[in-house]
Amino acid sequence: MAQPKVKRARAGTAGDGAGERAGAASQVRAEGPVKLPPYECIALMLQGGGALGAYQAGVFQGLDEAGVVPNWLCGISIGALNTAIIAGNEPGHRVERLRQFWETICQPAFGPPLPPFLEHALFNSGDVLRKTFTAMQAVGAVVEGQKGFFVPRFPPPMPAGSGAPQAASYYDTAPLKATLERLCDFDRINSGEIRVSVGAVNVATGNFAYFDNRHQHLKAEHFMASGALPPGFAAVEIDGEYYWDGGLMSNTPLYEVIQTTPRHDTLAFQVDLWSARGPVPDNITDVQGRVKDIQYSSRTRLVTDMMQRSQRFRHVLREVLERVSPDERDDPWCQLADELSCSKKYNVFHLIYRQKEYEGHYKDYQFGLSTMRAHWESGLQDIRASLAQPGWLDMPDNDAGFVTHDIHRDLR
């Protein structure tokens with residue numbers, strides 16, 4: 001029996017000639033606004049990762065300059081805070097507000113910051129001095145906190161002392177609440193102009209929850225709950241329940257977007273701050289960093305592959321049903337197949353931050369201004385190169401109706 005001619009799904013495939021383009025990928029960018037197919041959903045999904053979140057701000061800047069406007073923002077932890085800044089401002093001011101947010105929280109909480117020229121000189125010195133300098137900045141975050149973000153509790157909590165759940169942490173995030181309320185218009189967030197979802201974990205039940213502006217009125221506390229990583233930050237109370245950082249269970253909101261119903265033709269930008277792939281560590285310090293990479297990467301590629309296989313089954317089932325005669329479509333099995341099938345298409349862009357040589361296990365709480373700008377620039381260059389690749393924005397035409405792209409994997 002002849003086999004049907006169908007195009008096989010290939011996750012993250014850039015096509016022939018990818019190798020030759022790899023070396024120039026970082027230099028390529030789309031010129032002006034890009035033209036998109038009629039996707040019903042354009043989703044921006046932001047993973048947690050503390051100070052690395054400036055990479056996501058760079059990705060958003062690249063989308064903004066290309067005229068790609070997400071209609072669904074979904075974030076966890078620092079991704080939730082970036083989500084609040086983006087959704088809480090007018091389109092023309094979002095990049096400016098993101099920059100204001102990051103330039104605020106990348107300063108010491110109390111002491112004066114280093115003069116810009118000195119900070120820049122130390123960061124751009126040799127590898128040894130740079131590692132020492134960035135390690136000192138991380139220590140500064142632990143000892144002093146970050147401006148507009150968190151400060152140490154005084155007196156510090158006693159290990160066995162009981163009190164309110166809101167105080168059971170080493171740091172107070174009251175400054176973050178003030179920063180979000182200053183930089184975000186929560187009426188705009190709740191207007192429904194953009195769908196907003198942020199993930200957190202219910203401390204009492206251990207269940208994962210998404211706070212969504214389609215179902216509830218979002219406040220600063222919802223975004224703070226998504227980033228309340230214990231024991232540094234305390235649980236946040238919302239409607240009588242207490243919530244911690246969503247990254248404790250799942251640091252990647254990809255599943256929430258891809259599995260939502262009713263399904264839509266979707267262009268999704270998954271911006272990850274932790275890479276599952278990395279070198280095998282040969283010392284205790286690097287072991288700590290590698291554990292974080294593996295834990296918080298949340299198996300993004302595994303989830304993507306699983307979603308692709310599921311969508312392929314739905315897509316193939318829809319194609320088979322189209323070949324069933326109308327007289328037989330009332331059969332109960334055909335009706336069930338119709339409910340399970342789906343012809344919608346998914347195009348997923350992976351943008352995964354690549355760790356720099358000078359970064360240590362403290363990279364997620366090293367809030368230096370120069371480091372932040374380097375993270376931001378990495379995200380900007382990655383999304384520019386991704387959007388410039390021919391055909392990557394097209395709707396999938398394979399038998400799965402699902403494709404993924406990754407500028408670092410596809411063009412290497």
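**Close-up views of a predicted model**

**View 1. A salt bridge between Lys-292 and Asp-364.** In this predicted model, Lys-292 and Asp-364 form a salt bridge in which the closest N and O atoms are 2.8 Å apart. The pair links distant parts of the chain, since Lys-292 belongs to helix 11 (residues 284-297) while Asp-364 sits in the loop between strand 10 and helix 14, 72 residues apart. Lys-292 has a relative accessible area of 18% and is therefore buried, and Asp-364, with a relative accessible area of 15%, is buried as well.

**View 2. A salt bridge between Arg-373 and Glu-103.** The side chains of Arg-373 and Glu-103 meet in a salt bridge, with a distance of 3.8 Å from N to O. Because Arg-373 lies in helix 14 and Glu-103 in helix 4, the pair ties together parts that are 270 residues apart in sequence. Arg-373 counts as partly exposed at 41% relative accessibility, and Glu-103 is partly exposed with a relative accessible area of 29%.

View 3. A salt bridge joins the side chains of Arg-329 and Asp-338 at 3.9 Å, N to O. Arg-329 is partly exposed, its relative accessible area being 26%, and Asp-338 is partly exposed at 34%. Through salt bridges that share partners, Arg-318, Glu-322, Arg-329 and Asp-338 are joined into one network.

**View 4. Leu-44 in the largest nonpolar core.** The largest nonpolar core has 72 residues, of which Leu-44, Trp-102, Leu-180, Phe-223 and Phe-269 touch the most other members. Helix 3 (residues 78-87) gives the most to this core, contributing seven residues. Leaving aside residues up to four places away in sequence, the contacts of Leu-44 include Phe-60, Leu-63, Trp-72, Ile-86, Phe-269 and Val-271.

**View 5. Helix 2 and its surroundings.** Helix 2 (residues 54-65) has twelve residues and reaches 17 Å from its first C-alpha to its last, which is close to the 16 Å expected at 1.5 Å a residue. Ten of the twelve residues of helix 2 are buried, and the helix is mostly covered; among the buried residues are Tyr-55, Val-59, Phe-60 and Leu-63. The buried residues of helix 2 pack against several elements, including strand 1 (41-46), helix 3, helix 4 (94-105) and helix 14 (369-387). Just after helix 2, Gly-67 takes a positive phi of about 75°.

**View 6. Met-395 and its contacts.** Met-395 is placed in the loop between helix 14 and strand 11 (402-406), and at 23% relative accessibility Met-395 counts as partly exposed. Not counting residues up to four places away in sequence, Met-395 touches Pro-37, Pro-38, Tyr-39, Asp-265 and Lys-345.

Notes. Residues numbered from 1 in each chain as written. Predicted model: local features only at pLDDT ≥ 70, side-chain atom pairs only at ≥ 80, totals over all residues. Heavy atoms only, no water. Core = buried A, V, L, I, M, F, W, Y, C linked by side-chain atoms within 4.5 Å. Buried < 20%, exposed > 50% of the residue type's maximum accessible area, 1.4 Å probe, protein only. Helix = DSSP H or I, 4+ residues; strand = E, 2+ residues; numbered from the N terminus. Contact = heavy atoms within 4.5 Å. Expected span 1.5 Å × (residues − 1). Salt bridge = Lys/Arg side-chain N within 4 Å of Asp/Glu carboxyl O.
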